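Let's take a walk through this structure together. Have the sequence and the 3D view open, and follow along as we go from one spot to the next.

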Amino acid sequence: MPAYCYICDSCGRRGERVCASAHRNRPMPCECGNVMGRDIQAQFCSSKERAATAWPQYCEQLGVHPSQIPEAIAADKAMGLKTKYTPDGRMEFGSAAEVRRFCKLSGYRGNL
Ligand SMILES: [Zn+2]
């Protein structure tokens, strides 16, 4: 199972959880009493240098099992996101703008 990163918007604590991809978006309890949301920046776009690298970039942490690709695309579309996945299930981003749009619409944290 993959590891997913989380961050608490209240206290800034970060956490990591290994879980099934189907449970990746479930909030994670924080020691401060609030809950942590997914921290895509920590997983995928952790530095400005990475943002300047060649596109497309592929994200394993946002990936799904290959059998779940059609379901994931439909769920993303319902949020207003047009996403692409590689045949092995990794999410594909064509530009930093796509990452920003994904983070904005999905509610994930990221600031490329
Ligand atoms: Zn907290």
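Is Arg90 buried, exposed or something in between? Arg90 has 18 C-beta neighbours inside 10 Å, and a residue needs 20 or more to be buried and 12 or fewer to be exposed, so Arg90 counts as partly exposed. Keep in mind that what you're looking at is a predicted model. You'll find Arg90 in the loop between β6 and β7, the latter being residues 91-93.

Which residues does Arg90 touch, once we set aside its neighbours within four places in sequence? Its contacts are Tyr58, Cys59, Glu60, Gly63 and Tyr85. Another residue to look for is His65: Arg90 and His65 are 25 residues apart in sequence, yet their C-alpha atoms are 8.4 Å apart in space.

One of those contacts, Gly63, deserves a stop of its own. Gly63 sits in the loop between β5 (57-59) and α3 (69-78). With 21 C-beta neighbours inside 10 Å, Gly63 reaches the cut-off of 20 and so counts as buried. Leaving out neighbours within four places in sequence, Gly63 is in contact with Gly89, Arg90 and Met91. Take Gly89 from that list: 26 residues separate Gly63 and Gly89 along the chain, while C-alpha to C-alpha they are 5.2 Å apart.

Now for the strands around here. β5, β7 and β6 make an open sheet of 3 strands, in the order β5-β7-β6 and with antiparallel pairing. The edges belong to β5 and β6, each of which pairs on one side only. Between β5 and β7 there are 3 bridges, in the antiparallel sense.

Start with β1, residues 3-8. This strand is mostly covered, with 5 of its 6 residues buried. On one side, β1 pairs with β2 (residues 14-18) over 5 bridges, antiparallel. There you can see Cys5 standing opposite Glu16 in β2. The hairpin of β1 and β2 has 5 residues between the strands, and in it Gly12 takes a positive phi near 85°.

β1 also meets β4 (residues 35-38), through 3 bridges and again running antiparallel. Ile7 has Gly37 as its bridge partner in β4, and Cys8 stands opposite Met36 in β4.

β3 covers residues 28-29 and is joined to β4 by 2 bridges, with the strands running antiparallel. The hairpin of β3 and β4 has 5 residues between its strands, and here Gly33 takes a positive phi near 105°.

Let's zoom out to the whole chain. What does its secondary structure come to? There are 4 helices and 7 strands, and from the N terminus on the elements run β-β-β-β-α-α-β-α-β-β-α. Of the 112 residues in the chain, 22% are buried. Then there are the contacts between residues at least 6 apart in sequence: 50% of these join residues at least 24 apart.

The mean pLDDT of the chain is 83, with 88% of its residues at 70 or more. Where is confidence lowest, and where is it highest? The lowest is in helix α2 (residues 48-51), with a mean of 50, and the highest is in strand β6 (residues 84-85), at 94. Where pLDDT is low, the predicted coordinates should not be read in detail.

Conventions:
Residues numbered from 1 in each chain as written. Predicted model: local features only at pLDDT ≥ 70, side-chain atom pairs only at ≥ 80, totals over all residues. Pairing = 2+ DSSP bridges. pLDDT = per-residue confidence, 0-100. Contact = placed C-beta atoms within 7 Å.
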